[in-house]
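Trainee: I'm new to this one. Could you walk me through how to read it?

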Amino acid sequence: MKVNYGNTVPISTVDWHGKVSIVFFLRGCPYRCPYCQNHELLFESNMVEASILEAEMKKSRPFVSSVVFSGGEPLMQKDAVIHLAKYAKKIGLLVGIHTNGHYPHVMAELMGEGLVDKFFIDVKAPLDNAESYAKAIGCRDFTDMHIDPKVAVDKVSRSINLVLNNGIELELRTTIIRDFMGSSDDVHNIARSINELTGRRDVVYVLQQGFADRALLESLRDRKPLVRDELLDLAHVAHEFLDNIYIRTKEKGNEKLNFESI
Ligand code: SF4
C-alpha cells in the first residue's frame, strides 16, 4: 500500500484538543484555498510505503493516545487512510481526521468500519452561499480549481450531517483571515447556516486565528492575524446561533467561551 505522504509531527497537543497525537500530513487536495498555509502539499507527490507510517505510529505509541490524519486533504486517499486507520486501531490509538468535507462517501465508509473517533470539518464560508464558498476554496483565483462550488457546499453539508447522524464526535471550524473571510457578517452567516443545516445549537464550532504569511495567494501574505479580542467579538456574533463556541489563538491556545461569565 502506497501513501502520498507529506510529513509527520510525532507528538502534538494542538491538533486534537485534549489529546496527545501523532499527526500525519498527507499530500493532495481538490481545493485551492487562497490562504492555504500547507500548499507545498498540494502540488507534488511523494509516494511512500504505508509501512513507514505504521512504524512511526508504533514509535510514538508510548507517548500518544491518538493519530490525526491531516493535510492536504487526507480523504483523497481513501485506501491508504482506511489501511492506516485499521493499523492505528490495532495498536490501540484513537483516530481523528481533519477534512474539508469533500468526501462524504469516504467518511461513510470509515464510519461504517468503525475506524474514526472524531472528525474535524472545515466550514470555510456560509453553507448556503455558493458564491462565498467559491471565493474561500479558490475558484476565483486559481485556474486549476475546477470544482463547482455548489457541489462543494452540498458535499460539506452532507458530511456534517452524516457525522452527526452517526453519533461520531465532531468539530466544525472556520479559519479567520482578515479582510478575506471572517467579517462579522461572514461569521453571522456561517453560524446561522450551521444551525439551519443541523437544526442544533450544540455543535462544537471553533473560530481559528488564521495566519496568511505563507498563503497560497501572494496578495494575502501581508494580512495580519486577528488578535484574541477580535476573535472573542466574532464568537459573540456566532453565539446568536450556536452555544459550543471556542476560539483558537497562538497566544492562548484553545478557549471555550462561557457566555454567562462574559
Ligand atoms: S486549506 Fe484548503 S487548499 Fe489547503 S489543504 Fe486545506 S482544504 Fe486544501
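Mentor: Let's take the ligand's surroundings. A residue is near a molecule if one of its heavy atoms lies within 4 Å of it. Here Cys29, Tyr31, Cys33, Cys36, Leu42, Gly72, Asn100 and Lys124 surround the ligand. This is a predicted model, where local features need pLDDT of at least 70, side-chain atom pairs count only at pLDDT 80 or more, and totals for chains, interfaces and linings use all residues. Residues are numbered from 1 along each chain as its sequence is written, and side-chain values use heavy atoms, leaving out hydrogens and water.

Trainee: How many residues around the ligand are nonpolar, polar and charged?

Mentor: Ala, Val, Leu, Ile, Met, Phe, Trp, Tyr, Cys and Pro count as nonpolar, Asp, Glu, Lys and Arg as charged, and the others, Gly among them, as polar. The ligand's shell has 5 nonpolar, 2 polar and 1 charged residues.

Trainee: Is Arg192 buried or exposed?

Mentor: Buried means under 20% relative accessible area, exposed over 50%, and partly exposed in between (1.4 Å probe, protein chains only). Arg192 has 18% relative accessibility, so it counts as buried.

Trainee: And what does Arg192 touch?

Mentor: Contact means heavy atoms within 4.5 Å. Setting aside neighbours within four places in sequence, Arg192 contacts Asp128 and Phe241.

Trainee: Which strands pair with β1?

Mentor: Strands (E, at least two residues) are DSSP runs, numbered from the N terminus, and two of them pair if DSSP finds at least two bridges between them. β1 (residues 2–12) runs antiparallel to β3 (residues 47–49), with 3 bridges; Val3 has Val48 as its bridge partner there. β1 also runs antiparallel to β2 (residues 21–26), joined by 5 bridges, with Val9 opposite Val23.

Technical notes:
Helix = DSSP H or I, 4+ residues; strand = E, 2+ residues; numbered from the N terminus.
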